[in-house]
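I opened my notebook to go through this model one topic at a time. Here is what I looked up, in the order I got to it.

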Amino acid sequence: MVIDMMDQWALNRLNFQGCWQGRGTWFGRDSEDRLDLESPVRVMDPTTYDISFSDPETGVWDGSGLFFAPGGQARHDISRSTYNTGGGCWQFQGAGGQSSLVPDSDRRRFGHEINLFHDRSRSMLVLIWEPVGARWRLQLVGAVGFRCRKTSPPEPKRPASMPLKAMLTSLKGWTSEAETFRPQPGCIGQVRAAQPSVFVPEQFMRHEQTAVMPAGLIFSVPEYLPDGAYQLEVGCLHTAGLFQQLSIVFDANGHLTSWERRRFLADT
């Protein structure tokens, strides 16, 4: 069942339009080549994404404080006609981003950008794997807690950070309905509904790399991409009573088959 008649470009505009600013924190490998998720390798403060639309079909993406861009800055024209030509972009109402659909040794990076919105706050997580020998290893994790500078009055503060087990335990039993989107180039793809679900901490903690990040973010992903089917789990505790989760599902051949979004509410 299709649950939202807005196309992907319209959802992209709804989610991302605004002047977003926050502190970008990036984590990587330490001197002994171990993934260090406590001491950042770089802090970009502020990171700013100014995304505007001159009309319903075209706009401009203007960024600064960027990790990968030369000089930390980039500016791109965006439009419905060029949106999502590769099929790796995805949008729900209140969540959106882009994903690599399959590891590709020619590109040297297998990456995912997940943005989870609540009102005009935005929590962004970036996950980057790179090839090491014959395997793909998690190399970089970035987290940014954005606020829209055009919002008045300011958004309330996010909940205080909690340890991993305390956060997951507090969510046990919360309920939601899953929504699904499958890769499709262009703008015409539609979000579809699935069965109701209940949050089970053990199902979220699928992988050895499970950690709480800044901006209320949490994730569970493999350090090395496995052979066979798997899925990545990313979530954000937006308020004391709202947890949003994004699952990225891969088949036995390592191809991305769907994104699944859930908005868990307390006491429901």
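I began with Ala-215, which sits in the loop between β12 (209-212) and β13. Helices (H or I, at least four residues) and strands (E, at least two) in my notes are DSSP runs, numbered from the N terminus. Phi of Ala-215 is positive, near 65 degrees, in a residue other than glycine. Most residues other than glycine have a negative phi, and most peptide bonds are trans. Ala-215 counts as buried because its relative accessibility is 17%; buried means under 20% relative accessible area, exposed over 50%, and partly exposed in between (1.4 Å probe, protein chains only).

A note on the source: this is a predicted model, where local features need pLDDT of at least 70, side-chain atom pairs count only at pLDDT 80 or more, and totals for chains, interfaces and linings use all residues. Residues are numbered from 1 along each chain as its sequence is written, and side-chain values use heavy atoms, with hydrogens and water left out.

Next I went to Asp-33, in the loop between β1 (18-27) and β2. Phi of Asp-33 is also a positive value in a residue other than glycine, near 70 degrees. Asp-33 is partly exposed, with a relative accessible area of 38%.

**Arg-137, the partner of Asp-33**

Which side chain makes a polar contact with the side chain of Asp-33? I found Arg-137, at 2.8 Å. A polar contact is a pair of N or O atoms within 3.5 Å; within protein, one must be able to donate a hydrogen and the other to accept it, and residues adjacent in sequence count only if both atoms are side-chain atoms. Arg-137 is in strand β9 and, at 9% relative accessibility, counts as buried. Leaving out residues up to four places away in sequence, Arg-137 touches several residues, including Arg-29, Trp-129, Glu-223 and Tyr-224; contact means heavy atoms within 4.5 Å.

**A cis bond**

I checked the peptide bond between Asp-45 and Pro-46: it is cis, with omega about 5 degrees. Pro-46 lies in strand β2 (residues 42-55).

**Helix α1**

I then listed the buried residues of α1 (residues 8-16): Gln-8, Trp-9, Leu-11, Asn-12, Asn-15 and Phe-16. Seen down the axis of α1, they fall within an arc of 160 degrees (taken from the directions from the helix axis to the C-beta atoms), so they line one face of the helix. At the start of α1, a side-chain oxygen of Asp-7 comes to within 3.2 Å of the backbone nitrogen of Trp-9. After α1 comes Gly-18, with a positive phi near 150 degrees.

**Aromatic pairs**

How many aromatic pairs does the structure hold? I have 21 in my notes. Rings of Phe, Tyr and Trp (its six-membered ring) pair if their centres lie within 6.5 Å; planes under 30 degrees apart count as stacked, over 60 as edge-to-face and the rest as tilted. Phe-199 and Phe-264 are edge-to-face, because their ring centres are 5.4 Å apart and their planes stand at 80 degrees. Phe-199 lies in the loop between β11 (192-198) and α3 (201-204) and Phe-264 in strand β16 (residues 256-265), so this pair ties together parts that are 65 residues apart in sequence. Both Phe-199 and Phe-264 are buried.

Phe-264 also pairs with Phe-243: the centres are 6.5 Å apart and the planes at 35 degrees, so I wrote this pair down as tilted. Phe-243 is in strand β15 (residues 242-250), 21 residues from Phe-264 in β16. I also noted a cluster in which ring pairs link Phe-110, Trp-129, Trp-136, Tyr-230 and Phe-250.

**Nonpolar cores**

Last, I looked at the largest nonpolar core, which has 34 residues; Leu-125, Trp-129, Met-213 and Phe-219 touch the most other members. A nonpolar core is a set of buried Ala, Val, Leu, Ile, Met, Phe, Trp, Tyr and Cys residues joined through side-chain atoms within 4.5 Å. Among the elements that give two or more residues to this core are β7 (110-118), β8 (121-132) and β9 (135-148). A second, separate core of 23 residues includes Phe-16, Trp-20, Phe-53 and Val-126.
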